[in-house]
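Work through the following exercises with the sequence and the 3D structure in view. Each task is followed by a solution in steps.

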Number of protein chains: 2
Amino acid sequence: MIKVTFLPEQRNIEVKKETRILDALNKAGIDIDVPCGGEGTCGKCKILIVKGAPPAGSVEKKFLTDKEIAEGYRLACQTKLIQDTIIEIPSEVRLNLKEFLLSRAKGDVCNTSNVFHPDNNLRKIYIELERPSINNQVSDWENIKDVLSQKKINNEPVPANLSVPLQILQKIPILIREADYKITVTLFQNRIIDIEKGDTTDDNYGIAFDIGTTTVAGYLINLITGKEIAVVAKSNPQIKYGDDTISRIGFIKKANHGLQKLQEEIIGVINEIITESSRKAKIDKKNIYKSVFVGNTCMHHILLGINPVNLAPSPYIPVIRESLNLKAADISGLCLNQTAEVFILPNISAFVGADITAGIIANSLYKKGKAVLLVDLGTNGEIVLGAQGELLACSTAVGPAFEGARISSGMRAAKGAIDKVKIENDAIVYRVIEDGKIRGLCGAGLIDIIAELLRLGIINRSGKLLDRKECSSIVNKEIKKRILEGENGNKFLLAKGEKTLKGKDIYLTQKDIREVQLAKAAVNAGIKILLREAGISAADINEILVAGAFGNFIDKKNAVRIGLIPDLSLIKIKNVGNAAGKGAELALCSDEKRLLSERIYKQVNYIELSSNPDFQKEFISEIFFNKSK
Amino acid sequence: MIKVTFLPEQRNIEVKKETRILDALNKAGIDIDVPCGGEGTCGKCKILIVKGAPPAGSVEKKFLTDKEIAEGYRLACQTKLIQDTIIEIPSEVRLNLKEFLLSRAKGDVCNTSNVFHPDNNLRKIYIELERPSINNQVSDWENIKDVLSQKKINNEPVPANLSVPLQILQKIPILIREADYKITVTLFQNRIIDIEKGDTTDDNYGIAFDIGTTTVAGYLINLITGKEIAVVAKSNPQIKYGDDTISRIGFIKKANHGLQKLQEEIIGVINEIITESSRKAKIDKKNIYKSVFVGNTCMHHILLGINPVNLAPSPYIPVIRESLNLKAADISGLCLNQTAEVFILPNISAFVGADITAGIIANSLYKKGKAVLLVDLGTNGEIVLGAQGELLACSTAVGPAFEGARISSGMRAAKGAIDKVKIENDAIVYRVIEDGKIRGLCGAGLIDIIAELLRLGIINRSGKLLDRKECSSIVNKEIKKRILEGENGNKFLLAKGEKTLKGKDIYLTQKDIREVQLAKAAVNAGIKILLREAGISAADINEILVAGAFGNFIDKKNAVRIGLIPDLSLIKIKNVGNAAGKGAELALCSDEKRLLSERIYKQVNYIELSSNPDFQKEFISEIFFNKSK
């Protein structure tokens, strides 16, 4: 065994010789950002070995400078520990998104505490049982049923064909006598969910979850009032096994018990959210009787312990799309009342999951009358078009550009990221998340700078970052000075080293622009295919709803300028925040909305772009930027 | 720690100082007969301490002679180990009933391999799935549903609203591809029970269980042919915690995790029976998809982990009577296919359990036309009267006399028990179970000897065992010589010491006769009350069905003579063997019969004798024996 010390927290752990630093970090419970999942293809997991650095390997030589290697920098995914080692974790590689994610869990339209109409069948009834005697030898369960049969719920009789889970039967003989025959019964439709001592009818809660690849958000709701009483969002801890669903599937394929590990990670964070939200709202989590889960199809499968390996290579096959009604006990390790109802909303396809189904419900895309486009952008872009009651959906590979990967100074929208950029005369004005030193450029900032350079003609329609001399004479001289020659084409100086955490200049490179072009071409080609299938044009769209955390932070005008979303009046473009979470909350509070989701997923006409003959053509034609207006 | 050696098997174990010998035996896995459950009230758990005997306690002095104590005999339930000890377990205290129980599991009417009409909805269907492609991205589950929807079961379409458990979803993505899309689906109604590779449609089995207080019997059945393919019976291992349900409930009340221990014991033996019967029938137990359980209400509750404590003191309240439809996974530790259907038949009252419900089904007591009496005698006597479609039932405390307890030389019907007795001129002729040396007198033998002594006038109507001089002069002199003076009244010499295992004479005592009188009075009073409630007399009874292992072995004529059952033409009295087991098999094979049981239990008019004003009166009037005919 080897002793490893992690700085600055001075955490000591022991690991076997030949353990990778990445695995040692996992063991120590320190989360770092590993966009490629530890494959050695992104070079982002850079750590500093203060003592005990082994020689750098070929992959490290590719991503690190000679100076960095000499200083002791290595890649955590590439370096094996062979002796006692002291390692410093630079703050820029740490995952420290908690506060930020929480703010992101809510969009424009739900930034206040939501209140939903609670039209669901989760009911609690206080009853006083008969006292059995030798002349009335009623069994405990029949006693409960008999008394319930005389009660009404919302003026309707309690269902006669009540069913009771074994766990409840096991506790009633002792419980009802300790309660002196005064109990509260929790019912969902004809199913007994719980029986408690005394009158607890006021304590009736549910929780909705949106399981994202990056973020897991839980929404705790009072099912009597319909009021949202706590929201907790956390980073998805599976991130250490890869940033996107494809790397997670890769991990499942190659690791021992990979699926089980990922399932345990997600259930672990769900449990944390249950505990934390209950504490915040000052309720007892045993009074949570119902939950609704949405997520993309891969997260859905992993949550349920269903192997997602066939989602990934063509022909992209999910195991199940339809909704599931489970009990908490069915999901091993889930710290909810074991008899609580668990509803898993339905998926639409391998890459259009239950989160999108929820988004459709939250934004009433199924309603006739208007043409509405719902766009949810991440590594994967999901696009849904609702037109005259018809629903069409596709999924398109946006790539990780907007999440920071494959961009020279790219990073997630976390502390230290530039998320707004504006060029004013000779100066570049930018906003840094949580202020402080600059660490990099996030998706929203990336869109802004490209839009600004397009506006100034520094980037041309084909996407080329022009030479100083190629630029129009109108461009301010100081700005022109920022154009430098790079390894592959030009680069544009965004921030000088003095303002950055690592003391290095931050650039937008020609390659960065190409990545954004690929992403926006993918999105636009997808939208075009959907519009064509629906037989309408972009001008017919009444509304574009930008969903997801990303949507909250982008500048709509700039998104239109770079051609990421169709060129409509800005008033028609709305950020709808976490539409998936809102849809999950609706399904939790309203049985009608939940049942609607169980019908809607079948109505969606899913268009597979990879086999669509027009897609490649549209993709290529969308690579260019639009003429600036 | 102390070392204990058990002879003759030379088993060594280590236990903590102050451990009771009974607990050490349990730890060593040696089962002995402890009728009182270790309370020190029966004196039956007599073991011989070869080395390291501690002084005898007061309870031991009550049950053991001075000579026995000097030799090293002690009671296993009373003696604590304080030093290294060598203990010999006499064969007469061992539980070694296996072979015997097996023979008992079948009665007159089902002593050949049974074949039932298999009208149940457990179906297996072989299907070949579509191969998904980029142009047909059907999810695995929809693929299965689509292909099934084109199939017919018994000329009827497969139900459309199929439900699938999570465990099956978890295995299909890998399984169907390894199976090259050729699979067999097992269905019960609209529920998927299993999915297997290839064509396994011929392998379709179910198992029925009768969980008795003493014996657990399992009946493995081919659900396609309805043929019984293996029967395995085993001693209920809970016996070490007490002979009857009352002692088991006592154990649950006082022991730590007592309920859990008893549940583990019963599930352990059920699992052994599943494994053993599968091996006998040469089938794979994973192909058992359905099971039916019956048992008395206490065994029913313990099996399900439901606390039975309220069954015992008045007012005798069960937790649940109605039937339950569970999955194997609901019963923790049950080694069946976790998605297999488990049906628990309904109870009638705290002391008339699902075993009696099954007996009613097996013997069609619900049918109109005849008056039929079903009598199941154990420590508890359950009596059901079916008359003109009306069903009445009661439970009466027979006491453990017929199972050997409280009888001077009493024992269970096991090896060495006298189970048939006849007096011929000057000789006593008897049969010993499995021959060999006599160990004691079982219930059937007890009835015989009392009937013979009644016939000869050696016992008079009031139950007095007469003096030699009081006997009629017709009685053979040699027989008269067997009448000796005992401590409390006379005693009758049944077998001399030279023929017995322990070398001691075996007697029938006056006290033994009194025990039998109490038992037969209880049964008869119960029958009378039922007849009165139904408004008929004993002469109106068309049939008496004697159920249970005991019924198989008693001499009907003698049972009538001592007045244990009403005096009817012998042809009207039938041994129906294990009616409970047969009823469970019927419910397993036939959904109609199972559903019938779910209705029938509610139709039974249960008469509580303890609060019935006539019962005590009838009981006293039935204490006397009938006039001999």
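**Exercise 1: A residue in a loop**

A:Asn425 is placed in the loop between strand 20 (417-424) and strand 21 (427-432) of chain A. Helices (H or I, at least four residues) and strands (E, at least two) are DSSP runs, numbered from the N terminus. The model is a predicted one, in which local features need pLDDT of at least 70, side-chain atom pairs count only at pLDDT 80 or more, and totals for chains, interfaces and linings use all residues. Residues are numbered from 1 along each chain as its sequence is written, while chains are lettered from A and ligands numbered from 1 in the order in which they are written.

Solution. 
- Step 1. A residue is buried if 20 or more other C-beta atoms lie within 10 Å of its own, exposed if 12 or fewer, and partly exposed in between, with C-beta atoms placed from the backbone.

**Exercise 2: Strand 17 of chain A**

Task: Which strands are joined to strand 17 of chain A by bridges, and in which sense do they run?

Solution. 
- Step 1. Two strands pair if DSSP finds at least two bridges between them.
- Step 2. Strand 18 (residues 380-387) of chain A is joined to strand 17 by 7 bridges, and the two run antiparallel. They form a hairpin with 2 residues between them.
- Step 3. Strand 26 (residues 543-547) of chain A is joined to strand 17 by 5 bridges, and these two run parallel.
- Step 4. Follow A:Asp376 to both partners: its bridge partner in strand 18 of chain A is A:Glu382, and in strand 26 of chain A it stands opposite A:Ala547.
- Step 5. Check the surroundings. In strand 17 (residues 371-377) of chain A, 7 of the 7 residues are buried, so the strand is largely enclosed by the rest of the structure.
- Step 6. Both faces of the strand are covered: one side has A:Ala371, A:Leu373, A:Val375 and A:Leu377, and the other has A:Val372, A:Leu374 and A:Asp376.

**Exercise 3: A sheet of chain A**

Task: What is the strand order of the open sheet of 3 strands in chain A, and which strands are its edges?

Solution. 
- Step 1. The order is 6-9-10, with antiparallel pairing.
- Step 2. Strand 6 (122-128) and strand 10 (191-197) of chain A are the edge strands, as each pairs on one side only.
- Step 3. Strand 6 and strand 9 (residues 182-188) of chain A pair over 7 bridges in the antiparallel sense. A:Ile127 has A:Ile183 in strand 9 of chain A as its bridge partner.

**Exercise 4: Two chains**

Task: How many residues of chain A are in contact with chain B, and how are the copies related?

Solution. 
- Step 1. Two residues are in contact if their C-beta atoms, placed from the backbone, lie within 7 Å.
- Step 2. 36 residues of chain A are in contact with 37 residues of chain B. Helix 6 of chain A supplies the largest share of the side of chain A that touches chain B, 6 residues.
- Step 3. 100% of the interface residues of chain A are also interface residues in chain B, so the copies meet through the same surface.
- Step 4. Copies are superposed by least squares on the C-alpha atoms of residues with pLDDT (the predictor's confidence in each residue, from 0 to 100) of at least 70 in both.
- Step 5. A rotation of 180° with 0.0 Å of shift along its axis superposes chain A on chain B, with an RMSD of 0.1 Å. The two copies are thus related as by a two-fold rotation axis.
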